Amino acid sequence: MEAKDPSPRSSDAKSLANEDDVNCFDWLVEFEEMSDLVAEAAEISHVPAMVSALVLGAGTSALSEALVNEGIVKSVLSLDVEQHCIDFMAQKHKDDDRLRWAVADVTDWHAVEAATQGQRFDMVVDKGTLDALLCAGDCAAYLGTVARAARCGGVLVLSMNFELVSSHLSEVLEWYHHEACPFLSADREKSIREAFASKVGSNMAAAQSDEVSSCAGERLSLRQTYDLLFTPEEKSCYSYEFFLQDTDASRQMREFDESMSLAESLTFLRINQ
Ligand SMILES: C[S@@+](CC[C@H](N)C(=O)[O-])C[C@H]1O[C@@H](n2cnc3c(N)ncnc32)[C@H](O)[C@@H]1O
């Protein structure tokens, strides 16, 4: 999303409100200008019903309040590294128990974990904070916070000065997903290999006794592959139907309609992570 003003630098971001001079202020855009985007994000998420949001670097924006007033979510936890912003907002909204406020550096997972008390959120929202962090902050740690704080199937809504930072963000995302925190970690790949071998073995045994006629050999049915590749939590937000759609959409998998080999399963995870 384009910024209406020049992008803030981190030093500006941190000085947006002096202790003596705290006021409500919205950086980049006001909620009305991004409400369609937020509503769309809620719709495309894999969460059955949006309940909670985490706002990263809330400042003194009206965004958190709008998220509950517009019925996007029922409750919001807003974080900011600046104590005086949080004090100001907590005081301003002291009678609204849908809104909670806490001081935390969003690049410090331990601080965020203390503030969230282990809660995971249907929606994580950032307006202008990653912009600031991209200038000088630890963006990889920020992405780690997003990944840990969002529940499986949840969405990240990001409002930033796209032109300025998009190429840098792509690099950071690429690095994060493929090197820092790969979905298909070495441990996960090892356990998938073991589970696959075991399942193929039992298919072969069943085929010999005529219980199973399809998928004998080194392949598993798509249903078996889905059951084996994903954890129960992942399955709760990534249904078998989504898996079939992704399998279908993935060009390398196209020729394999009914079953997958181990190598294809691992390639599928790598491509789609
Ligand atoms: C550009 S302002 C955006 C504020 C608000 N989201 C808005 O839209 O008006 C960036 C905000 O991020 C906060 N911030 C900067 N670095 C942070 C960090 N590491 N952890 C938490 N908040 C941070 C700043 O204090 C500031 O309130």
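The protein exposes about 14,200 Å², and carbon and sulfur atoms supply 49% of that area. Accessible areas come from the Shrake-Rupley method with a 1.4 Å probe, and for residues only the protein chains shown count as cover. This is a predicted model, in which local features need pLDDT of at least 70, side-chain atom pairs count only at pLDDT 80 or more, and totals for chains, interfaces and linings use all residues. Residues are numbered from 1 along each chain as its sequence is written, and side-chain values use heavy atoms, with hydrogens and water left out.

Start with the overall build. The protein has 13 helices and 7 strands. These are DSSP runs numbered from the N terminus: helices are H or I with at least four residues, strands are E with at least two. Of the 273 residues, 44% count as buried. Buried means under 20% relative accessible area, exposed over 50%, and partly exposed in between (1.4 Å probe, protein chains only). Take contacts between residues at least 6 apart in sequence: 68% of them join residues at least 24 apart. A contact here means heavy atoms within 4.5 Å.

The largest nonpolar core has 26 residues. Such a core is a set of buried Ala, Val, Leu, Ile, Met, Phe, Trp, Tyr and Cys residues joined through side-chain atoms within 4.5 Å. F31, V38, L67, V73, V76 and M123 touch the most other members. Several elements each supply at least two residues of this core, among them helix 2 (31–44), strand 1 (52–56) and strand 5 (150–159). Helix 2 gives the largest share, 5 residues. V76 touches A53, V55, S64, L67, V68, R98, L99 and R100, leaving aside residues up to four places away in sequence. Another core, of 25 residues, lies apart from the largest one and includes A102, L134, V146 and A149.

L134 sits in helix 6 (residues 129–136). L134 counts as buried because its relative accessible area is 11%. In sequence, L134 and L169 are 35 residues apart; in space, their C-alpha atoms are 7.8 Å apart.

Next comes the ligand. It is surrounded by 20 residues, and the closest are W27, G57, D80, D105 and K127. A residue is near a molecule if one of its heavy atoms lies within 4 Å of it. This shell divides into 10 nonpolar, 5 polar and 5 charged residues. Ala, Val, Leu, Ile, Met, Phe, Trp, Tyr, Cys and Pro count as nonpolar, Asp, Glu, Lys and Arg as charged, and the others, Gly among them, as polar.

The protein covers 98% of the 590 Å² of accessible area that the ligand has on its own.

Finally, some single residues. Most residues other than glycine have a negative phi. L28 has a positive phi, near 65 degrees. L28 lies in the loop between helix 1 (10–14) and helix 2, and is buried at 3% relative accessible area. Q117 also has a positive phi, near 50 degrees. Q117 is in the loop between helix 5 (109–116) and strand 4. Its relative accessibility is 71%, so Q117 counts as exposed.
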